[in-house]
Amino acid sequence: MLGTSATAARSLRALGCRSFSNTAGHYPNKASVNAKHWEKSWGKDQLVAESSEHVMATWGPGANIRGNPVLVKGEGIYLYDVDGNKYIDWTSQAVCSNLGHTMPDTVKNAMMHQASTLPFVYNGFCLTEPRIRLSSLLSELLPGDLTGFLFPTSGSEANEAAIRLARRFTGKTKIINQYRCYHGGTSSSLQATGDFRRNFNEGTGGSGAVGFVKTMNATGSPLFDFGATEAERSAKALAFLEEQIICEGPKTIAAVMMEPIVGGGGTYMNPAGYMEGVRALCDKYGILMICDEVLVGFGRTGKLWSFQHYGIHPDIVTSAKGLSSAWASISMVCVRQEIKDFFETNASGWGSTFMAHPISCAIAYENLKYILEHDVLGHVRDNVAPVIKSECERLAAKFPSVSNQTRAVGAFGCVDLLDPRTGKEVCDFVGSFNSHPDAVNTFKSKLRENGIFGLVRPPRFHVAPPLIITTDELKDGFARCEKALEVYDSMFK
Ligand SMILES: Cc1ncc(COP(=O)(O)O)c(C=O)c1O
């Protein structure tokens, strides 16, 4: 601890900050903080120094982000760093910048209009036009009687709210989730998560979030095979799930909550018949079905909602990223009429200060209208999807270090990196924050050198560019990835 405060004191001196030791008597004003905060721009060296002193990393250790590019500009599908390097945004950041990095004028104007008329009010006390309009438009974009809306600020928060609503509506506690799904970084959403990140709740006294039961993914896993055909996999996974429901007790289970297409886990479709089977089991046992569309909603998979690939209607849908194309911190929980009616006379029991922020709602509303007016879904279906699919397959055919199990749906692809000497995945996704083999680190730096800014969570290498990418830009991007793969492949020879 002594070492830590000594380092802090050293860095304060190095940065020319005034020491702030008398907390009770300190009333900061302009004169008491460093004049640099009134300088128009900071040079790269200063940005890097300040960042290593003060900026913490999400998920991984801070050391992981030292040396990351400092981005200063975005335009279309491209990003520019402080050194003037230009990158293709190969995964739309965290699969959220669905319209890329040029905000349409309609969105900009709506944002400015809202900022100059009513920049904020607390939506617990009042209603606003952007919130009402957004709810109304969304009710036309969801099927059946999915008609009631809440607007939290992140995907995790949307899932927290969905879990709360499901529990309060049913009066039951347990939520069934799949192992390889991700549902968020907050307490319950992380406990609902099945991938390696859930372990961050352990060793810290646990999350305190109880009542989460895991089921196997119907896609199976490298260690657990549900069968060779989709029909077999569905049947076995559904039998497994039904047995779990009976053993846990249907009267204790509020909801089954799943990603209809597993996103961050590696673009996995559920086998044909599985989601329909889950819907049927939910109906049979009086359990709600929650679809987490946080990452894939609003067109990523070529349909507005990924559950449309299976023709089912969930009871609750959560989504976030594409709702505003990441230009505002806004997410969505949508519930069926019966649930909305229930909460007309019962407290929802969920709230947050910034929910349905008027500026965020205005941005989301115009973002959705842009997607509709410019037929972004049609572009994904007709132009983007075929290229992603064929290029992923081409890379798999060319490189022994790429698995032939490529997956692609809409503007969403994933290839798995192998160790070609063994034919096995180069490292284990379950321990993805462990250190990676040199070849993977080299692959990542070669991607950057070739102007690709993307998400590599080995062995998964994701392809999820902004939905507005052209076919020429896509082919250019794949050619750059190919150069990085050539180096990766050669490292095993
Ligand atoms: C399927 C899914 N659910 C929930 C989340 C959490 O969203 P957020 O990071 O906005 O809290 C994510 C984030 O990637 C996600 O992919």
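This report describes a predicted model of a protein chain with a ligand, from the overall fold to single residues.

## Overall fold

The protein chain contains 14 helices and 19 strands. Its radius of gyration is 24 Å, close to the 23 Å that the globule rule gives for 493 residues, so the chain is as compact as a globular protein of that length.

Of the 493 residues in the protein chain, 43% count as buried. Among the contacts with a separation of 6 or more, 72% are accounted for by residues 24 or more positions apart.

## Surroundings of the ligand

The ligand is surrounded by 16 residues, and the closest of them are Ser154, Gly155, Ser156, Val294 and Leu295. Helix H6, which runs over residues 155-170, supplies the largest share of this shell, namely three residues. Sorted by class, the shell holds nine polar residues, five nonpolar ones and two charged ones.

Helix H14 covers residues 471-490, 20 residues in total, and it reaches 28 Å from its first C-alpha to its last, close to the 28 Å expected at 1.5 Å a residue. Its buried residues are Leu474, Gly477, Phe478, Arg480, Cys481, Ala484, Leu485 and Tyr488. These residues cover an arc of only 160° around the axis, which puts them on the same side of H14. An α-helix has 3.6 residues a turn, so residues three or four places apart point the same way.

On the other side of H14, the exposed residues are Asp472, Lys475, Ala479 and Ser490. The buried residues of H14 are covered by elements that include strand E3 (86-89) and strand E17 (452-453), together with helix H12 (376-398) and helix H13 (438-449).

Most residues other than glycine have a negative phi, and most peptide bonds are trans. Phenylalanine 298 has a phi near 65°, a positive value in a residue other than glycine, and this residue lies in the loop between strand E10 (288-293) and strand E11 (316-319). Phenylalanine 298 counts as buried because it has 29 C-beta neighbours inside 10 Å, where 20 or more are required.

Aspartate 375 also has a positive phi, near 45°, and is likewise a residue other than glycine. Its place is the loop between helix H11 (358-373) and H12, the latter being one of the elements that cover the buried residues of H14. Aspartate 375 is exposed, since 11 other C-beta atoms lie within 10 Å, and a residue with 12 or fewer counts as exposed.

A cis peptide bond, with omega about 10°, joins proline 458 and proline 459. Proline 459 is located in the loop between strand E18 (456-457) and strand E19 (460-463).

## Glutamate 140

Glutamate 140 belongs to helix H5, which spans residues 129-141. With 9 C-beta neighbours inside 10 Å, glutamate 140 counts as exposed. Between the C-alpha atoms of glutamate 140 and histidine 357 the separation is 21 Å, while the two residues are 217 residues apart along the chain.

Methods. Residues are numbered from 1 along each chain as its sequence is written. This is a predicted model: local features need pLDDT of at least 70, side-chain atom pairs count only at pLDDT 80 or more; totals for chains, interfaces and linings use all residues. A residue is near a molecule or strand if its C-beta atom, placed from the backbone, lies within 6 Å of it. Helices (H or I, at least four residues) and strands (E, at least two) are DSSP runs, numbered from the N terminus. Ala, Val, Leu, Ile, Met, Phe, Trp, Tyr, Cys and Pro count as nonpolar, Asp, Glu, Lys and Arg as charged, and the others, Gly among them, as polar. The expected span of a helix is 1.5 Å times one less than its number of residues. The arc is that of the directions from the helix axis to the C-beta atoms. Two residues are in contact if their C-beta atoms, placed from the backbone, lie within 7 Å. The radius of gyration is taken over C-alpha atoms; the globule rule is 2.2 Å times the number of residues to the power 0.38.
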